[in-house]
Amino acid sequence: MTLVNKTTKPQFSYAGNLNLIVTPVFAFLLTLLAVAVWNYSVFDQTTESILQPTLLRTQLWQTIVIGIASSLIVIAVAVPLGITITRRGWPRLKNFLVDTLGLAQALPAYGLIVIFYTFLGTGMRTVIYALALFSLLPVLRNTIVGLEQVDKSVIDAGRGMGYTNLQVLLKIELPLAVPIIIAGIRTAVVINVGMAALAFLVGAGGLGETINSGLKLNRPTAIFIGASMVAILALVLDFLGALAEKYLKPKGI
Amino acid sequence: MSEVLIRLDNIWKTYTPGEPAAVRNLYLEVMRGEVLVLVGPSGCGKSTTLRLINRLIEPTNGKIFLDDEDVTSINASDLRRRIGYVIQQVGLFPHKTIAENIATVPKLLGWKKDEIEARVDEMLELVSMDPATFKHRFPKELSGGQAQRVGVARALAANPDVLLMDEPFGAIDPITRDKLQNEFLRLQQDLKKTIVFVTHDIDEAIKMGDRIAILRDGSEIAQIDTPENILTDPADEFVESFLGSGAILKGLTLKKVRDIELQMVTTLKAPVLRDQALKTISDNNDSFALLLDADDQPLRWLDERALNRTNQPIEKSGRPIAVQLQPEDTLQDALSSMLQSSVGMSVVVDRQGKYLGCCTIESLAKLLVHESPTK
């Protein structure tokens, strides 16, 4: 999975800036293509009923909600967790968590959603929790890596001058870890939006409905429109993440 | 001057119970206004000792006194804000500007904004950096030497009495290091801070220290004394081997030319005639003389052979004087100038360049032998 590899070796300036150009261009081209397909292909009745604009709008909204909500849960859980286990005296817990969450990510998202379904039944909540677990690792791992790569001498100097442990965390470690943590969050958001296409499995809607109907009824146009909408959404959110990474990164590093 | 400012009272530090202690029963006093250098081989615990003072390492046993106050169990962050801290890697905050870095402790202490700003400028000027140029830069834009200047400025910003320095010039190239050391010594003459300075470099210790504590394993003090006394009278074989074979040569940097008894040689005052010059030299039973100008400033070495051989004007015969010494120069300078000199001695002049006397190998040796206690 290229998305995961990206988090293990985060790159900033060069790749980040390239992202700021390539991603929007790609999203724009894909949008053009989708609009062209929409306008110039002849829809039969089935296609037309799959691709009803009101339906698509609802599904797009559902996809956004699932993607964002699961990502917010990930941030709310993984960042504090990462902070906690990088404090002194928790190395075993850290290894245990990273390994366990690695397992969670090794499971197909499909399987994870089904497992959650057996406990939580149908609905959006199931998908959101399943995806939150699925994409916890990139954020947790980047939080840990981000905090651990902070130059030990900078922390030593901070403590030596009289920063309390909390001040060291808030004023030195976290600001210096921000770019790497955001890179992890971007990865999680893209995973979550992409995987939100599976939400239809447990009746949580989303653009997966359109793709699924297209597949079942053999309507390639519908498949293409649904899939490209998911892709465009993921690209746009990734672009917003790249912007955040660029502007939230502290000056001087 | 002899007032004790920092006292480590029988400190023990054990990391794992059962293991040998990293610091064993250390008693150390640091006087107000002195530079105490902790020096010793790697792993002897000198950094540990330093970090015990601001309690970055908490002692297992024993007490720490700062200005007669027991600080062993007060709030460690409050204690550290009263003590300047400089480390080898500098550790500037990369996401903060130079001004923000220097403002760190004043800000923690809640100084007013305009006070902090004025202080930042003052500190940058103190370490010879232009505030307007550097204030708004980030640490990554500085060279190693500049970064450590800022490191020192940051440590001094809240005007602490005590400064802890852990190999502050260790990661800097030799030329810049020498410059920073000299600047630092000059600063210290005005500031009169109480400084504990860690290094593994005995030459740096001799140069920087008012007193030196030589440590061996477990932070045990092998000897603590002035550099002069340690060099001339090492306590035991460990200290001797740590000083290395060049101990006497190292001692030369501590003594000044003015400590030497100067020798007077035959002098001639220009203008002088050749015959007159030769006569004076032979009258004095000498083989050479020093030619001075009308203002008593040394011109050349004249010797009989040179005077006999040439028909040149007397001001151009003989040999030029390679180096002139001043009373403030170290004996090391004196030795090296003697080795360069054609007559095996060097000329000492005062600030105005007037001849004071000559310095010879014999007088140098006499001083050193006289200083060394007989064993």
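Which helix of chain B gives the most to the lining of the second largest pocket? The answer is α5(B), with 4 residues.

This is a predicted model, in which local features need pLDDT of at least 70, side-chain atom pairs count only at pLDDT 80 or more, and totals for chains, interfaces and linings use all residues. Residues are numbered from 1 along each chain as its sequence is written, chains are lettered from A and ligands numbered from 1 in the order in which they are written, and side-chain values use heavy atoms, with hydrogens and water left out.

**Pockets**

A pocket is an open set of points on a 1 Å grid over the protein atoms alone, where a 1.4 Å probe fits, with protein on both sides within 12 Å along at least five of seven lines; lining residues have an atom within 4 Å of a point. Volume is the space filled by probe spheres set on the points, which are joined across faces, edges and corners. Helices (H or I, at least four residues) and strands (E, at least two) are DSSP runs, numbered from the N terminus.

| Pocket | Volume |
|---|---|
| Largest pocket | about 750 Å³ |
| Second largest pocket | about 440 Å³ |

The largest pocket is lined by 23 residues; L185(B), Q189(B), I206(B), K207(B) and K256(B) are the closest to its centre. Two or more lining residues come from each of α8 (174-191), α9 (202-208) and α10 (227-232) of chain B. The top contributor is α8(B), with 5 residues. At least three lining residues come from each of domain 1 (4-251) and domain 2 (258-370) of chain B. These bounds come from an automatic or database domain assignment.

The second largest pocket has 16 lining residues, and the closest to its centre are A99(B), E100(B), A103(B), K107(B) and I116(B). Besides α5 (113-126), α3 (98-102) and α4 (104-108) of chain B each supply at least two lining residues.

**Strand β7(B)**

Strands pair if DSSP finds at least two bridges between them. β6 (residues 83-87) of chain B runs parallel to β7(B) over 5 bridges, and Y85(B) has L164(B) as its bridge partner. β8 (residues 194-199) of chain B is also parallel to β7(B), joined by 5 bridges. There, M165(B) stands opposite F197(B).
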